[in-house]
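Good morning, and thank you for coming. Please look at the structure on the screen while I describe it.

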Amino acid sequence: LLEGKVALVTGSTSGIGLAIAKALAAEGAKLMINGFGDPAEIERECADLGALHDGADMSKADEIERMMRRFADELGGPDILINNAGIQHVSPVQDFPPEKWDAIMAINLSAVFHTTRLAVPGMKAKNWGRIINTASAHSLIASPDKSAYVAAKHGVAGFTKTVALETAQDGITVNCISPGYVWTPLVEKQIPDTMAARNLTREQVMNDVLLAAQPTKRFVTPEEVAALAVFLCRDEARSITGANLSVDGGWTAA
Ligand code: NAD
């Protein structure tokens, strides 16, 4: 379905981004993946997906610009841009390390601006484009001790709506997907910090903090998020733009 399309998925060496990359490749899109990790593992993923990898650090505007130039030179485009790279840090605001705040703003929010501003002209020229931002339930509601993440994800939601309006007549759609808790390394890694911050056991954090908010009482899977991303890339989805689509097991309905 996506044969002839070229896609960039940021933060796609793990978790949700990797699942989206696999799903787009399965539909026939040509890919560039991005993100950190073990070089041998990344090479294996690239071979499996027939993808290129670029290790640009999404906290750095100049590295993003270099990656986008490389993408245009080697693949042309992108037609599909998935802004997915993201990090988390859990701490009460008075103890929140300013350098963590800056990193979360840079990777989770500013990188979305940089890739988008560099991708839109090519999409306009083709009169076709899909921009999908991995936001979060935290783009709609808050949880304690996640001030930077919640601020950045609310920013992504607002940015998504704005660019959707600017590109509405250019064959481009711009949406965000807002997952609840998805079982990925990002979630697994925040369990020890939440245990410390709230003086809880691992089981208490999983059941009483993470899944407490999710009425389905199960983690979302990366593949469920990826399936929605693929749908948004289809021509049938051309009227879905500026939307913030929840995949959160009913969390934000409560
Ligand atoms: P993950 O930790 O499994 O993957 C994050 C990816 O981003 C990795 O490929 C990593 O290498 C990459 N990355 C991190 N910092 C980077 C940087 N500076 N430059 C380039 N790449 C970088 O996390 P995930 O859970 O798959 O999260 C992906 C996205 O989904 C994030 O934006 C996250 O905020 C969002 N999200 C996750 C959940 C969840 O429950 N897991 C819920 C809602 C939203």
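Helix H8 (residues 222-233) lies across strands E4 (80-83), E5, E6 and E7, and runs at about 165 degrees to E6. Contact here requires C-beta atoms, placed from the backbone, within 7 Å. Axes are lines fitted to C-alpha atoms, for helices over the stretch in contact, with angles from 0 to 180 degrees between N-to-C directions. Helices (H or I, at least four residues) and strands (E, at least two) are DSSP runs numbered from the N terminus.

This is a predicted model, in which local features need pLDDT of at least 70, side-chain atom pairs count only at pLDDT 80 or more, and totals for chains, interfaces and linings use all residues. Residues are numbered from 1 along each chain as its sequence is written.

The open sheet has seven strands in the order E3-E2-E1-E4-E5-E6-E7, with parallel pairing; a pair needs at least two DSSP bridges. Strands E3 (52-54) and E7 (244-247) each have a single partner strand, so one side of each is without a neighbour in the sheet. The twist averages 20 degrees from one strand to the next. Strands E5 (residues 129-134) and E6 (residues 172-179) pair over six bridges, and Asn133 stands opposite Cys176 in E6.

Finally, Glu41 is found in helix H2 (residues 39-49). Glu41 counts as exposed because it has 11 C-beta neighbours inside 10 Å, where exposed means 12 or fewer, buried 20 or more, and partly exposed in between.

Key. Contact = placed C-beta atoms within 7 Å.
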